[in-house]
Amino acid sequence: MNILSFSHEKLPFLLINVVLFGLFSIILWKIHISFEMILIVGLAWFAPLIIAYLLEYGKKRRYYQHLIDYQESLDKKYLLPEILERPTFLEGAIVQDAIEIAYKQMHEHINIYKREQKDYQEYIETWVHEIKTPLSSAKLILNNRDIDYGVLQELDRTEQFIEQVLYFARSNNVSEDYLISKFSLREVVTRVAKKNAKDFIYKKIKLDLGELNEMVYSDKKWVEFILNQIVVNAIQYSKKASSEIQITSTPYDNKVVLQIKDNGIGIKKKDLPRVFDKGFTGETGRTYSKSTGIGLYLCKRLADKLNLGISIESKQNIHTTVFLVFPKNKSLLMEP
């Protein structure tokens, strides 16, 4: 707000006063009032008006300048009503009252949606735990019988999809669910390898575990889920013969990079920038399997919330390598 825009707003009222004073001056001149007296009357007429305008301009300018400064400095713009000083002029007070009422109603609606989302999340988590019980029982029964591997494989895939549902439901509130601790990468990799042992054996995929003695900081449960999704993808897109998956870690100054490399069918160069997009399957996913495009998206989503790095390199029909970057120091998890 500058003096020119303020003056432009007050211009009609000023013009009315000028016209009225002009008419009044003519009347004074007709009754033989001296020119000096007419000037004094004009000064008495316009001086209080100008002073009042200047005081009003000062109050409004301070308020609106604070409004602009606060708005530009805030990352969360909706918090503006909480820090804005109450104006001392009527129009500003009316506007601020309207903003505060809208702000209050917005919070009420947000709280309603939060409660609904929490209820939905609790239902999903309960459903997942309930459905996993009969599924585990069915797998146990079938494992004790001479059942075709394909049936067990489909049950494993079903279980993986159910896990995805659970972690997707929790991904909005990772900070409330994870527990940061120091753990060995070998421990997590071994658990994932055992979980997928049947697939490694049936598909004759060689698993090569390299240097994995590094200790890192993160949530072990969430990292295991991320790593499992990556390994499942590597198994799913493996070649028919001489398949191999290599998992190793490389330490750097303040971080450890876990590499999961396979010699599978790879990813086309044009698809690489979008592999972490929600629902994106690419030509590989459409050709070789009925991919949902959720697995890698969820890995990226969880890694971001855990402040872990994740990236992919790939050459079609040669290899795919996924990199997970962990901090060596727990304090680095708090860095943006």
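Over residues 12–31 of this predicted model, the chain is 95% helix and 0% strand, with end C-alpha atoms 29 Å apart. This span is one of two that UniProt, in an unreviewed entry, lists as "transmembrane region", the other being residues 37–55. The chain is divided into domain 1, residues 3–106, and domain 2, residues 181–333. The briefing below covers the overall layout, a pocket, and several residues in loops.

**Annotated spans and domains**

- The span 37–55 is 100% helix and 0% strand, and its end C-alpha atoms lie 27 Å apart.
- Taken over C-alpha atoms, the centres of domain 1 and domain 2 are separated by 64 Å.

**Helix α4**

- Helix α4 covers residues 90–143.
- Buried residues of α4 include Gly92, Ala93, Gln96 and Tyr103.
- Further along α4, the buried residues include Gln121, Ile124, Glu125, Val128, Leu135, Lys139 and Leu142.
- Lys139, a buried residue of α4, is also among the residues closest to the centre of the second largest pocket.

**The second largest pocket**

- The volume of the second largest pocket is about 490 Å³.
- Of the 20 residues in its lining, Lys139, Glu159, Glu163, Lys195 and Asn228 are the closest to the centre.
- The lining divides into 13 charged, five polar and two nonpolar residues.
- At least two lining residues are supplied by each of α4 (90–143), α5 (149–170), α7 (185–195), α8 (197–202) and α9 (220–236).
- Helix α9 gives the most to this lining, with six residues.

**Loop residues with positive phi**

- Lysine 204 lies in the loop between α8 and β2 (206–209).
- Although lysine 204 is not a glycine, its phi is positive, at about 55 degrees.
- Lysine 204 counts as exposed because its relative accessibility is 70%, and the cut-off for exposed is over 50%.
- Asparagine 317 is placed in the loop between β6 (309–315) and β7 (319–327).
- The phi of asparagine 317 is also positive, near 65 degrees, in a residue other than glycine.
- With a relative accessibility of 47%, asparagine 317 counts as partly exposed.

**Other loop residues: accessibility and separations**

- Leucine 79 is located in the loop between α2 (35–73) and α3 (80–83).
- The relative accessible area of leucine 79 is 26%, and this residue is therefore partly exposed.
- Leucine 79 and valine 188 are 109 residues apart along the chain, and their C-alpha atoms are separated by 42 Å.
- Tyrosine 178 occupies the loop between α6 (174–177) and β1 (181–184).
- Tyrosine 178 is partly exposed, at a relative accessible area of 27%.
- Although 41 residues separate them in sequence, tyrosine 178 and aspartate 219 are 5.7 Å apart in space, C-alpha to C-alpha.
- Tyrosine 252 sits in the loop between β4 (244–251) and β5 (255–262).
- A relative accessibility of 43% makes tyrosine 252 partly exposed.
- The C-alpha atoms of tyrosine 252 and tyrosine 123 are separated by 43 Å, and the two residues are 129 residues apart along the chain.
- Isoleucine 267 belongs to the loop between β5 and α10 (282–288).
- Isoleucine 267 is buried because its relative accessible area is 16%, and buried means under 20%.
- Between isoleucine 267 and lysine 198, which are 69 residues apart along the chain, the C-alpha separation is 25 Å.

Technical notes: Residues are numbered from 1 along each chain as its sequence is written. This is a predicted model: local features need pLDDT of at least 70, side-chain atom pairs count only at pLDDT 80 or more; totals for chains, interfaces and linings use all residues. Side-chain values use heavy atoms; hydrogens and water are left out. On a 1 Å grid over the protein atoms alone, a cavity is a set of points where a 1.4 Å probe fits but cannot get out, and a pocket is an open set with protein on both sides within 12 Å along at least five of seven lines; lining residues have an atom within 4 Å of a point. Grid points are joined across faces, edges and corners, and a volume is the space filled by probe spheres set on the points. Helices (H or I, at least four residues) and strands (E, at least two) are DSSP runs, numbered from the N terminus. Ala, Val, Leu, Ile, Met, Phe, Trp, Tyr, Cys and Pro count as nonpolar, Asp, Glu, Lys and Arg as charged, and the others, Gly among them, as polar. Domain bounds come from an automatic or database domain assignment. Buried means under 20% relative accessible area, exposed over 50%, partly exposed in between (1.4 Å probe, protein chains only). UniProt positions are given in the numbering used here, feature names are shortened, and annotations may be inferred rather than shown by experiment.
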